Amino acid sequence: MASAVVPDLAAGVAADLVPEGGMIQGKVGAENVVLARRGSEFFAVGATCTHYGGPLAKGLFVDDTIRCPWHHACFSLRTGEALRRPAFDPIPHWRVERVDDMVFVRERLPPPVRRPAATSMRGQKPPESVIIVGGGGAGLAAADALRREGYDGPVTVISADGDPPYDRPNLSKDYLAGTAGDEWMPLREPSYYTDQRIDLILKSPVISLDVQQKQLRAADGATYAFDRLLLATGADPIKLPIPGASDSQLSYLRSYADSRALVGKAASAKQVVIVGASFIGLEVAASLRTRGLAIHVVALEEKPLERVMGHELGQFIRGLHEAHGVTFHLQDTISRLEGRRVILRSGTSLDADLVVLGVGVRPACALPEQGGLVVDGGIVVDEYLETSAPGIFAAGDVARWPDPRTGERVRIEHWVFAERQGQVAARNLLGARERFDVVPFFWTQQYGISINYVGHAQTWDETIVDGNLGAKDCAVTFKRAGRPLAVATISRDLQSLQAEAAMEASLRVDPPAD
Ligand SMILES: Cc1cc2nc3c(=O)[nH]c(=O)nc-3n(C[C@H](O)[C@H](O)[C@H](O)COP(=O)(O)OP(=O)(O)OC[C@H]3O[C@@H](n4cnc5c(N)ncnc54)[C@H](O)[C@@H]3O)c2cc1C
Ligand code: FES
């Protein structure tokens with residue numbers, strides 16, 4: 001079959017070749033470039049997402065941004081800047097010139113520059129110092145956003161973790177499967193923290209918050225004064241008391257150290273029992289199957305992930321795992337351990353070299369509770385992500401935020417969402433008063449199949465399946481009272497982006513009341 005001719009954009013293409021509101025991919029020298037058009041305006045940017053290399057030409061063009069089909073990073077078509085996580089680095093961009101009916105991609109333009117020093121945002125004095133407690137997705141995104149916004153004052157990130165911020169979603173995926181090495185894990189190079197003057201303090205759990213004195217104390221006794229504060233402490237795995245089990249027999253997965261320990265244990269294991277058919281439990285199942293281990297999943301549900309993904313996708317996920325040799329013990333639970341035998345409530349007994357628990361997480365609220373902030377199943381924040389204490393913000397898994405789409409206060413446990421809350425919280429720390437109204441997005445990947453999910457449906461009264469689940473090509477819409485609240489897709493990345501853009505647009509038409 002003849003391969004399609006790739007247009008040489010430097011040599012020029014007919015303007016009509018680029019559809020209105022659409023884009024084409026071509027080359028400029030050796031580089032793959034996307035040429036996009038909105039009315040009489042043309043934009044040329046790099047074709048590869050700087051997160052994990054997603055193909056931007058298969059993404060979506062919204063206003064003057066381009067969205068990545070894989071994990072929905074959003075880049076400016078005007079400057080190439082990574083506007084919304086999960087990508088940090090910009091994509092290249094070029095000057096475009098129109099001559100009569102032809103469009104030429106000319107010289108490459110310099111990367112976006114840091115905004116000028118933030119002397120004021122909405123006329124406010126910039127904070128004297130900012131401390132971020134938590135070195136996860138939200139914490140790093142916030143620190144990075146402070147610098148991008150031109151904030152020049154001291155930025156300190158204090159983290160209980162021993163590792164600098166890393167790619168947490170990968171802990172249960174390629175890293176655990178052994179298909180990605182340690183070099184994949186850090187979100188930023190060590191030099192980044194020095195260059196950006198971000199003081200990163202590791203292995204330092206903060207144990208006390210004095211809101212009046214604006215002071216923090218860490219477990220080692222060190223004290224830190226702050227002007228503005230962001231709490232991004234994430235969540236901790238729920239620990240189950242299991243009769244007969246010693247701590248060393250049970251594994252949990254939240255941190256890089258947990259994943260390294262699991263990799264070590266998996267090396268000598270043959271059979272694993274996973275308790276909980278959560279996303280993490282199932283991703284662990286898929287990754288350890290890749291390593292050739294025998295896997296049993298024990299869960300209370302009738303179908304894995306049914307509470308989040310609904311009946312149809314739950315059935316699909318079960319079938320997917322069974323096709324890869326996983327054995328489910330559903331509507332059952334672990335009752336005790338007898339040596340290396342796991343005894344289930346039903347009386348079933350399973351041998352296990354390794355027991356992994358993936359039964360959910362609890363928001364890490366000890367610090368805000370001690371500090372007297374309002375906590376109700378998470379740190380309660382307003383639409384600007386500000387807590388009950390003025391000048392103290394919260395973001396990520398720990399924050400309970402009012403979802404403008406439903407009016408419900410929700411706590412969302414998604415990577416990209418946590419990072420985007422970190423970005424907006426950072427601007428609000430500087431005084432921007434920007435409402436957080438981002439549409440939640442997450443993905444899961446099991447046996448090479450990605451399920452993307454946009455929106456948030458705690459409950460729904462109707463699901464509509466468009467396409468064919470068996471063929472791994474479908475979109476499932478979750479509706480309440482006729483209104484779409486969330487859309488899950490398999491092999492329909494563009495549809496996922498379109499659903500997200502439609503949810504964003506509906507909020508613009510019908511913004512939340514003040
Ligand atoms: C294995 C795994 C796989 C996942 N896969 C996906 C996925 O595929 N897609 C998806 O959307 N989401 C995924 N998630 C969820 C996602 O990682 C979380 O939603 C996200 O990490 C939340 O970011 P955060 O910054 O709020 O919290 P975290 O990333 O958990 O960071 C919290 C930080 O705070 C620190 N900390 C806590 N308490 C203190 C304290 N008192 N003092 C100092 N530091 C403190 C912690 O050490 C940590 O560094 C996954 C999660 C896990 C564990
Ligand atoms: S590869 Fe583009 S957002 Fe992940």
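Predicted model: local features only at pLDDT ≥ 70, side-chain atom pairs only at ≥ 80, totals over all residues.
Residues are numbered from 1 along each chain as its sequence is written, chains are lettered from A and ligands numbered from 1 in the order in which they are written, and side-chain values use heavy atoms, with hydrogens and water left out.

The structure contains 35 salt bridges, each defined as a side-chain nitrogen of Lys or Arg within 4 Å of a carboxyl oxygen of Asp or Glu. One of them pairs Asp64 with Arg78, with 2.9 Å between the closest N and O atoms. Asp64 lies in the loop between β5 (60-62) and β6 (65-67) and Arg78 in the loop between β7 (74-76) and β8 (82-84), so this bridge ties together parts that are 14 residues apart in sequence. Helices (H or I, at least four residues) and strands (E, at least two) are DSSP runs, numbered from the N terminus. Asp64 is partly exposed at 28% relative accessibility, and Arg78 is partly exposed at 42%; buried denotes under 20% relative accessible area, exposed over 50%, and partly exposed the range in between (1.4 Å probe, protein chains only).

A salt bridge also joins Glu504 and Arg84, at 3.3 Å from N to O. This pair links distant parts of the chain, with Glu504 in helix α9 (residues 493-509) and Arg84 in strand β8, 420 residues apart. Glu504 is buried, its relative accessible area being 11%.

Arg427 and Glu149 form a salt bridge of 3.6 Å, N to O. Because Arg427 lies in helix α8 (residues 415-429) and Glu149 in the loop between α1 (137-148) and β12 (155-158), the pair ties together parts that are 278 residues apart in sequence. Both Arg427 and Glu149 are buried. Salt bridges with shared partners join Arg67, Arg84, Arg420, Glu500 and Glu504 into one network.

Around ligand 1 there are 33 residues, of which Arg168, Lys173, Val206, Arg254 and Asp397 come nearest; a residue is near if one of its heavy atoms lies within 4 Å. Oxygen atoms of ligand 1 lie 2.8 Å from a polar backbone atom of Ala138 and 2.7 Å from a side-chain N or O atom of Arg254. The protein covers 92% of the 990 Å² of accessible area that ligand 1 has on its own (Shrake-Rupley method, 1.4 Å probe).

Terms used
Polar contact = N/O pair within 3.5 Å; in protein donor to acceptor, adjacent residues only side chain to side chain.
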